[in-house]
Amino acid sequence: MSTLERNDRTHLSTGTTTAATGDGRPAARSEALTKVYGDGEARVTALDGVSVEFHPGQFTAIMGPSGSGKSTLMHVMAGLDAPTSGQSWIGDVELSGLGDKGLTRLRRDRIGFIFQAFNLIPTLSALENITLPMDIAGRKPGQAWLDQVIDTVGLRPRLSHRPAELSGGQQQRVACARALASRPDIVFADEPTGNLDSRTGAEILAFLQSSARTLGQTIVMVTHDPVAAAYADRVVFLADGRIVDEIDAPTADRVLERMKAFDRTEPTTTRGSMGGHDRDGAA
Amino acid sequence: MLRTAIRNLLAHKARLVMSGLAVVLGVAFVAGTLTFTDALNNTFTGIFKGAAADVSVEPKAAFNTGMAGMDMNSASASLPASLVEKVVAVDGVSAATGYVQADGVYVLDTNGHVADTGGAPGMGISWTTNPELNSATLVAGQAPTSSDEVAIDTGTADDLGYHVGDHVTVLTPGPRLQATLVGTFRYGQDGGLAGASMTAFDTATAQRLLLAKGRFSEIGVTAADGMSHTELADHLTAELGAGYQVSTKEQKAADRAASLEDSLKFINTFLLVFAGVALFVGSFLILNTFSMLVAQRTRELALLRALGASRRQVTRTVLIEAVVLGLVGATVGLGGGYALAFGLKGMFGRFGLTIDSGLTLTGATVAWSYLIGSAVTLVAAYLPARRAAKVPPVAAMRADLVTTPRPLRVRTISGVVVAALSAAGLAGGAAGGTLPLVAVGALGLLVAVIVLSPVLAVPFVHGVGAFLPQLAGTTGRLAKENALRNPRRTAATSSALMIGLALVTGFGILGTSARASIDRTVDDVLRADYVVSAAMGQPFTPQVADRVRHIDGVESVAVERYGTAEIDGHQGYFSAYDPALVGDALAIDMTDGKLNGLAAGTILVSAKEADRAGLSVGDSVRFEVANGQSRQLKVAGLYGDDNGLGPYVIAMDTYQATGGVPLDQNVYITLDRSADATDVHKALDRVVDEYPVVQLRDAEGYKQDKRAGIDQLLTLINALLALSVLIAVLGVVNTLVLSVIERTRELGLLRALGMDRRHVRRMVRLEAVVISLYGAALGIALGTVLGLALTTVMHDQGLVATAVPVPQLVLGLVLGGVTGLVAAAIPARRAGRLDVLDAISAT
Ligand SMILES: Nc1ncnc2c1ncn2[C@@H]1O[C@H](COP(=O)(O)OP(=O)(O)OP(=O)(O)O)[C@@H](O)[C@H]1O
Ligand SMILES: [Mg+2]
């Protein structure tokens, strides 16, 4: 919305870049995250010094070619995986200091997840799936909030159904409701609409967008679809494990254009590609 | 397609191991049982194969008592020494030697006690000096040559820790013998005595102690060169006349093997039933495993279909996998079976049934193992394979394929019908005393329960699981839902445990009822204050009764002897008493006639036997014992079947007049009411202490003694069944591990959503406990019904009381739950250790 200066070559997306709401303390951030898989010949640098911030109430889309490290970034930032080096925070909790127990509790209490598929426990009803994280934590969900979430996703008539009795879109909506119901600091969604037709996908995306706008929910979403990315407040582009660009207030066309630009330079080295995309024609 | 199948097998190592394990366990169970049964048979037949003589001459028996020379034949006869010379003179005889053999000979251990042979007899023999005719081979020292020298078999020497040169005390049916141990020997080819002990004396001593001076039990003959055994036997029969039993080595071995088969029938049948159970449980395990494997691979198989594979090809892929797995599993299982047989051998050894024969895997065992391994696996895989082939190719596209369990309606209906028919058969059979009907009903009921098990699982898990959410919150609810998710699988997982516990419970009720019946019979029948009997039911010297009779305060001493006779051509056991004293010892309840009608010329018959033979009071029967002596006896009375007596009772006079061996079976002692019981007891103790073979028992001790046999049998049965429960546990482990693998994604999701490892583990454990409890409860219920039916139908066999061991059944249920906990250990750990990322990105 306001400052649109961005893309300094080395730190493409530090805190200076985007419009932070609230007190400016990010909901999650990372500092020089590196993740290396394998050894020798098989060595893959999935993340290569990524520093990024996600601000409260902001809906961020992460885009990039396949294998660019989008999922890895999410997993590391959500405490599902450990980085090779670098640090990341959820609120003011630094993740590398936590053991399995601490990480488990962190996920339970402060993070919401939406996966591409297999989001729900088949033996539990829709409602039970929604309240599962709180049930695991032994907390009572706030009834008013729960009602609001359920109504927002429009699931009230389906609450007692098992996942097998729900359509793919309904299942994803249950997953969304679950991610929001426990009021996490941040929701990570990895291609949440990847399996859905465009109309159902649009419903989910609109829902995520309004959660961020009206409920103030921080959301980070990985997607391949420029149309999906356009629902976000901001798009971060990843290539070869680095953040190479970002757009605020994206539109599908602009995202697509940017991606085409990547495609042209993809075969060259990473550095080359970065150099080619630091000017964003938005305004 | 073959390549796909093999690739598939290798690609999923965990699956491969788990399903292979099912085959291995099943085959090991069967191979082990068969191998052990072979060894058991070889041991017993081996004792007789060892006989050295080509042809033997024995006193002619009027009939074969069928007890293979190890019996306490009441009417044994012997041969005069002069017969040996006659035999030697017969054409074709190379050498002949007289031989003595008798039971009731024990070497005392260093504490002066009779060594525990676990029921196997203590035999005494004469040492045959002609090596060609001697079945025993010296291992150390030398042969006994005088009345103060003995040799014993190496097994007994090892057990008692005796060495050549030691001084030993030997109990015989006559006087005790103090002697020097001059040698140890091995008997027969294998050295196998099945736990029996054997003491060798020089011939003169053996005759004096065991038979009579100048008499032999048997004459062993070797054939001259060029003379066949049958030819020689014919010669001997021709020369000696018809008064002798002449048999060749081969005949004798065959006869004894046949009669042994009879006496071992029980153990063999039991082991075969056991093998059947093994096969059944093993097949279940394999079927179960394959169903799960195919279910897990639905998507993969659908992909194959989508890529153009035909249904047949998909079925074949699964079947080829099954065959390969079956063959590999059977091979490993054979090895496991051998180990199992080894374990069984050790176990039986502890109960005194020493298996001397080595364990060999026979061709039949190997064939069965491979047949079962591959055939069962194939059949087990066929059903799921067919189902797999029916997977629509579109299933490959669906990301979240949920296999909805098929409805249970057909199962419910057919199960209820079979159950109703079986229950009717069981009830009718039990009421009418028809064992075959009960057996068929029992089997039918078992089948019905297996068929109905998935149907019954739902209400059970709902019932038991109702507490889980309160107990363990979300973890508990998820555990309950998991157990409910696929009732078929829950049932299959618990089936092995169910069958095992049904058998344990059934036998438990039978055993407890047998014990209660003994107690009741003894309470009702035993009038005497004390009973003297030998440890292993062996007959003992009448000196004991003579000495006891002279103790002050003893009012009455009644002696009991046993034997086998043919009554009107029908063979049966009899007991003999002094008619004047039997009433003091036993309260025999007569259904017709009078107990005091028993006399030298009369016989008492059990009501059941009278019924069978159509006898009534006043009839006359022909009574013939094995030595050929016979009498006409008049039926003086019929007694009830609940008296714990055999089919016939005769007077001691008849017993003695027909050449019965003067050894007592039981001595019943009744005290003078006015005497001081403690003093008399002390005096009795002093006398009995001098005869280490015998024990003094009051009514309580007598019951205990009689129960000991049943207890031993029960322990044995339970030990074997414990093995099947062990297999059941492995089955539960197997299924749970597969379940955990199947739910990898789900578990990953739960972990991602914040469930910690401890709770994941607890969830798996709770599910296992619920499933195991179900198996245990169903098994115990089924076993109770079967046990009660069996007990009722066996009322006529002396099971006069019915008792249900409630504490044991409760214990069984608890152990069932514990089984679940134990079985869940590995899968729970596996589930807890799941890497969250791997799990959620797993395909
Ligand atoms: N467990 C792993 N072991 C080895 N390499 C891995 C592993 N996970 C990811 N990688 C590699 O790390 C890189 C980034 O993977 P990541 O899954 O983050 O990509 P992505 O951007 O999410 O791709 P997509 O759009 O296809 O989902 C890829 O080159 C991938 O091959
Ligand atoms: Mg990805």
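A polar side-chain atom of S66(A) sits 2.5 Å from an oxygen atom of ligand 1. That's a polar contact, meaning a pair of N or O atoms within 3.5 Å. Keep in mind that this is a predicted model, where local features need pLDDT of at least 70, side-chain atom pairs count only at pLDDT 80 or more, and totals for chains, interfaces and linings use all residues. Residues are numbered from 1 along each chain as its sequence is written, chains are lettered from A and ligands numbered from 1 in the order written, and side-chain values use heavy atoms, leaving out hydrogens and water.

| Residue | Polar atom in | Distance to an oxygen atom of ligand 1 |
|---|---|---|
| S66(A) | side chain | 2.5 Å |
| H224(A) | side chain | 2.8 Å |
| G69(A) | backbone | 3.0 Å |

On its own, ligand 1 has 630 Å² of accessible area, and the protein covers 59% of that (Shrake-Rupley method, 1.4 Å probe).

Around ligand 1 there are 13 residues, and S66(A), K70(A), S71(A), T72(A) and H224(A) come nearest (near means a heavy atom within 4 Å). Helix 1 of chain A gives the most to this shell, with three residues. Helix 1 (70-77) and strand 2 (44-54) of chain A each supply at least two; helices are DSSP runs (H or I) of at least four residues, strands (E) of at least two, numbered from the N terminus. The shell has seven polar, four nonpolar and two charged residues, with Gly counted as polar.

Notes:
A polar contact is a pair of N or O atoms within 3.5 Å; within protein, one must be able to donate a hydrogen and the other to accept it, and residues adjacent in sequence count only if both atoms are side-chain atoms.
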